[in-house]
Amino acid sequence: MKPLANEIIIVSTPYLPGYKITKTLGFTWGLIVRSRGLGRNITAGLRSLVGGEIHEYTELLNQSREQALDRLRGHARELGANAVVSVQFDSSEIGQTMTELLAYGTAVVVEKDVVQASPVRLG
């Protein structure tokens, strides 16, 4: 994985293979609150009567995740980071028509690790 200039690397692991963390800048996040809207609620309500996936909500959630990640990247960049480790998502309902989606992690500065990884030997 080779980062482009000004790109923020985002991973769910607490480390980044091939890189070493040189500085930890702190907690970073991206938050979005979305309303499903009346039209989508009616369509989804009708679709839920017959069962199966509710595509309107799946699409809305995917869009919200991307926006939350974009906001996380922006916040990390403001902190001076070039990577975010331990990224996770959390969501909750606000009222009956709004969903909050939070992407969060630890903003760090990484640099390419020049030391070759060595195998772990047990015993």
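Tutor: Read along the sequence, the chain runs β-β-α-α-β-β. There are two helices and four strands in the chain. These are DSSP runs, numbered from the N terminus: helices are H or I with at least four residues, strands are E with at least two. This is a predicted model, in which local features need pLDDT of at least 70, side-chain atom pairs count only at pLDDT 80 or more, and totals for chains, interfaces and linings use all residues. Residues are numbered from 1 along each chain as its sequence is written, and side-chain values use heavy atoms, with hydrogens and water left out.

Student: How do I read burial? What share of the residues of the chain count as buried?

Tutor: Buried means under 20% relative accessible area, exposed over 50%, and partly exposed in between (1.4 Å probe, protein chains only). Of the 123 residues here, 25% count as buried.

Student: Is Ala 68 buried or exposed?

Tutor: Ala 68 is buried, because its relative accessible area is 0%. Find Ala 68 in helix H2, residues 55-79.

Student: Next, polar contacts. Which side chain does Thr 28 join in a polar contact?

Tutor: A polar contact is a pair of N or O atoms within 3.5 Å; within protein, one must be able to donate a hydrogen and the other to accept it, and residues adjacent in sequence count only if both atoms are side-chain atoms. The side chain of Thr 28 meets that of His 75 at 2.8 Å. A polar atom of the Thr 28 side chain also lies 3.4 Å from the backbone nitrogen of Ala 76. Thr 28 sits in strand E2.

Student: Why does Thr 28 count as buried?

Tutor: Thr 28 has a relative accessible area of 0%, so Thr 28 is buried. Now try Thr 99, in strand E4. Thr 99 counts as buried too, at 18% relative accessibility.

Student: What about charges? How many salt bridges does a search of the whole structure find?

Tutor: Side chains of opposite charge can pair when their charged atoms come close. The cut-off: a side-chain nitrogen of Lys or Arg within 4 Å of a carboxyl oxygen of Asp or Glu. The search finds two salt bridges. One joins Glu 111 and Lys 20, at 3.7 Å from N to O. Glu 111 is in strand E4 and Lys 20 in strand E2, so this pair ties together parts that are 91 residues apart in sequence. Glu 111 is partly exposed at 40%, and Lys 20 is partly exposed at 38%.

Student: Which residue forms a salt bridge with Asp 70?

Tutor: Arg 73 does, and the closest N and O atoms are 2.9 Å apart. Both residues lie in helix H2. They are three residues apart, about one turn of the helix. Asp 70 is partly exposed, at 46%. Arg 73 is partly exposed as well, at 25%.

Student: Now rings. How many aromatic pairs does the structure hold?

Tutor: Rings of Phe, Tyr and Trp (its six-membered ring) pair if their centres lie within 6.5 Å; planes under 30 degrees apart count as stacked, over 60 as edge-to-face and the rest as tilted. The structure holds two aromatic pairs. Phe 27 and Trp 29 form a tilted pair, 5.8 Å centre to centre, with 35 degrees between the planes. The rings of Phe 27 and Tyr 104 are 5.9 Å apart at their centres, and their planes stand at 40 degrees, so this pair is tilted. The pair links distant parts of the chain: Phe 27 is in strand E2 (residues 19-35), Tyr 104 is in strand E4 (residues 98-112), and they are 77 residues apart.

Student: Which residues do the ring pairs link into a cluster?

Tutor: Phe 27, Trp 29 and Tyr 104. Trp 29 lies in strand E2 and is partly exposed, at 39% relative accessibility. Tyr 104 is partly exposed too, at 22%.
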